[in-house]
Amino acid sequence: MKSIPIILLGCGGVGRQLLHHIISCRSLHSKQGIVIRVVGVSDSSSLLVSDDIMLSGMRDEFLAEICRAKSAGSPLKSLLNHGHCQLYTGQDALENIVSIASSLGRSTGLAVVDCSASAETIGLLEQVSSLGCCVVLANKKPLTCGIDDFEKLVSHFRRIRFESTVGAGLPVIASVTRVISSGDPISRIVGTLSGTLGYVMSELEEGKAFSEIVRAAKSLGYTEPDPRDDLSGMDVARKGLILSRLLGWRINLSDIKIESLYPSEFGPNSMSTEDFLSKGLSQLDVKLKERVATASSKGNVLRYVCVIEDSRCNVGLRELPKDSALGRLRGGDNVVEIYSRCYKNSPLVIQGAGAGNDTTAAGVLADIIDLQDLFA
């Protein structure tokens with residue numbers, strides 16, 4: 001059996017779902033000659049490490065207990081007596097991850113899997129990568145930091161995977177990389193890269209009020225706790241930046257033109273989430289309704305789109321033909337169109353569910369398995 005030891009950073013929705021997938025896929029992976037050994041799991045405050053990182057790892061029963069505890073809001077340290085593991089906090093946690101990376105990275109191998117939402121993991125990821133470890137990312141922030149840090153992180157491109165940072169489990173990164181590797185220059189990428197904003201645009205098209213749609217989306221769990229995290233367009237901009245950098249463009253987040261769906265005076269620094277939901281949202285209804293009507297009068301629909309072209313990345317609302325791939329989009333699906341020499345008149349189109357913990361975690365697991373040839 002080929003063994004793939006992993007350390008998981010982040011025990012939120014995606015991280016927990018990944019652990020569930022690893023457990024449920026044991027039989028499948030066994031038939032493929034693979035075993036994934038979870039040797040460490042961390043949350044924002046601590047790290048649990050298996051007593052035997054060289055030969056085994058955390059038992060499935062203990063991984064399931066971690067998921068239950070974190071779902072209930074309990075810290076990892078509450079589980080110290082439930083499994084054969086050691087607890088580390090603060091700087092000790094970081095140093096222990098580096099120590100494990102040093103032990104396993106150049107021997108059997110190790111994958112550090114970042115399912116957190118932190119911008120603070122970049123230094124650690126660079127360090128473990130330099131020690132010969134693989135890095136798998138669902139977290140977009142390490143890839144959208146300064147360009148110098150980005151280039152350091154991806155300098156060992158064979159040992160890094162980040163498919164789930166754009167389009168959850170959709171093969172967007174893989175498709176872009178394959179087209180580029182074939183010597184076919186990509187001239188343009190256009191996509192709807194937010195399942196949340198895709199849902200909002202579809203509902204607007206049905207004639208519903210913007211405020212009603214956002215409140216419903218929040219109650220259904222489609223948005224972040226503060227919906228402005230979605231409505232600002234920043235998440236789409238980060239995905240656009242990752243794709244732009246894959247094309248070789250040395251740009252930063254500040255170089256991207258981003259259209260927010262709310263004015264700055266409604267921002268988090270000026271208005272609480274509760275006030276935004278109860279007072280601010282309804283003040284945006286008329287403007288959005290007018291923009292939808294204007295598009296409809298031309299036979300078009302309104303979509304929140306990322307456009308990457310001519311060394312520029314722009315994110316915002318666009319009017320599109322109803323019968324286009326992006327215009328036909330409904331609900332929370334993502335659509336990405338890739339234009340190149342070979343796909344000049346008929347673009348490569350990728351469409352499917354582009355959000356959700358389950359889909360994202362499945363993409364992370366696929367990335368881990370994709371690295372199997374680098375493990376002993």
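The model is predicted, so local features need pLDDT of at least 70 and side-chain atom pairs count only at pLDDT 80 or more, while totals for chains, interfaces and linings use all residues. Residues are numbered from 1 along each chain as its sequence is written, and side-chain values use heavy atoms, with hydrogens and water left out.

The chain is assigned two domains. Domain 1 covers 2-168 + 358-374, and domain 2 covers 181-353. These bounds come from an automatic or database domain assignment. The C-alpha centres of domain 1 and domain 2 are 30 Å apart. Across the boundary, 17 residues of domain 1 are in contact with 15 residues of domain 2. Contact means heavy atoms within 4.5 Å.

Two annotated sites come from the UniProt record. Its positions are given in the numbering used here, its feature names are shortened, and its annotations may be inferred rather than shown by experiment. An unreviewed entry places the feature "binding site" at Gly-10, Cys-11, Gly-12, Gly-13, Val-14 and Gly-15. From this set, Gly-12, Gly-13 and Val-14 belong to the lining of the largest pocket.

Gly-10 sits in the loop between strand S1 (2-9) and helix H1 (13-24). Helices (H or I, at least four residues) and strands (E, at least two) are DSSP runs, numbered from the N terminus. The relative accessible area of Gly-10 is 10%, so this residue is buried. Buried means under 20% relative accessible area, exposed means over 50%, and partly exposed lies in between (1.4 Å probe, protein chains only). Apart from neighbours within four places in sequence, Gly-10 contacts Gly-15, Ser-42, Cys-115 and Ser-116. Val-14 belongs to helix H1. Val-14 is also buried, with a relative accessible area of 15%. Beyond its neighbours within four places in sequence, the contacts of Val-14 are Cys-115, Ala-138, Asn-357, Thr-360 and Ala-361.

Lys-239 lies in helix H11. Its relative accessibility is 7%, so Lys-239 counts as buried. Not counting residues up to four places away in sequence, Lys-239 touches Lys-140, Thr-165, Val-166, Leu-193 and Ser-194. Lys-239 also joins Lys-140 and Asp-235 in a network of salt bridges.

In total, the structure holds 16 salt bridges. A salt bridge is a side-chain nitrogen of Lys or Arg within 4 Å of a carboxyl oxygen of Asp or Glu. One of them pairs Lys-2 with Asp-373 (4.0 Å, N to O). This pair links distant parts of the chain, 371 residues apart: Lys-2 is in strand S1, and Asp-373 is in the segment after helix H14 (357-370). Lys-2 is partly exposed at 23% relative accessibility, whereas Asp-373 is exposed at 63%.

Another salt bridge joins Arg-188 and Glu-309, with the closest N and O atoms 3.0 Å apart. Arg-188 lies in strand S8 (residues 186-192) and Glu-309 in strand S10 (residues 300-309), so the pair ties together parts 121 residues apart in sequence. Arg-188 is partly exposed, at 23%. Glu-309 is partly exposed too, at 29%. A further salt bridge forms between Asp-226 and Arg-228, where the closest N and O atoms are 2.9 Å apart. Both Asp-226 and Arg-228 are buried.

Helix H7 (residues 172-181) has buried residues Val-172, Ile-173, Ser-175, Val-176 and Val-179. Seen down the axis of H7, these fall within an arc of 165°, so they line one face of the helix. The arc is that of the directions from the helix axis to the C-beta atoms. An α-helix has 3.6 residues a turn, so residues three or four places apart point the same way. The face of H7 turned away from the buried side carries the exposed residues Arg-178 and Ser-181. The cover over the buried residues of H7 includes S8, helix H11 (234-246), strand S12 (333-340) and strand S13 (348-353). After H7 comes Gly-183, with a positive phi near 85°.

Technical notes: 1 Å grid on protein atoms, 1.4 Å probe; cavity = no way out; pocket = protein on both sides within 12 Å on 5 of 7 lines; lining within 4 Å.
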